[in-house]
Amino acid sequence: QVQLVESGGGLVQAGGSLRLSCSASGSIFSNDYMGWYRQAPGNQRELVASITRSGSTNVAESVKGRFTISRDNAKNTVYLQMNSLKPDDTAVYYCNFKGTVGILSYREVWGQGTMVTVSS
């Protein structure tokens, strides 16, 4: 089993910054992929940014140049630094993990979500 613990959401004014963290724990054999997704009311969940174990990143066009994803492999933790936040960034942000756990079972796990609210 893998558990994800997210932190760092909150209320911020437009132009401000927040840093999200997501730590994975449990019987992790390999942590291949971690990512952040978001879902605003009435919208589908969308990828914000992802990072592989080797450090390859994928960042949504809507946040390029403002958001940075990074990870600490030793801690199985992924970070999302969000700068120049806009009201359109308001959403529930979910952490996603993909990797091998337990007795070599490949799993995808979602965090419980953390709310980010950007006021204008």
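Buried means under 20% relative accessible area, exposed means over 50%, and partly exposed is anything in between (1.4 Å probe, protein chains only). This is a predicted model, where local features need pLDDT of at least 70, side-chain atom pairs count only at pLDDT 80 or more, and totals for chains, interfaces and linings use all residues. Residues are numbered from 1 along each chain as its sequence is written, and side-chain values use heavy atoms, with hydrogens and water left out.

**View 1. Here are the two faces of strand β7 (67-72).** Strands (E, at least two residues) are DSSP runs, numbered from the N terminus. In a regular strand, side chains alternate between the two faces of the sheet. On β7, Phe67, Ile69 and Arg71 make up the covered face, while Thr68, Ser70 and Asp72 sit on the uncovered one.

**View 2. β7 teams up with β8 in a hairpin.** Two strands count as paired if DSSP finds at least two bridges between them. Here the pairing is antiparallel and runs over six bridges. Look for Asp72, whose bridge partner in β8 is Thr77. Four residues lie between the two strands.

**View 3. Zoom in on Asn76, in the loop between β7 and β8 (77-82).** Asn76 isn't a glycine, yet its phi is positive, at about 50°. Asn76 counts as buried because its relative accessibility is 18%.

**View 4. Now move along to Ser84, in the loop between β8 and β9 (91-101).** Ser84 has a positive phi of about 50° too, although it is not a glycine. With 42% relative accessibility, Ser84 counts as partly exposed.
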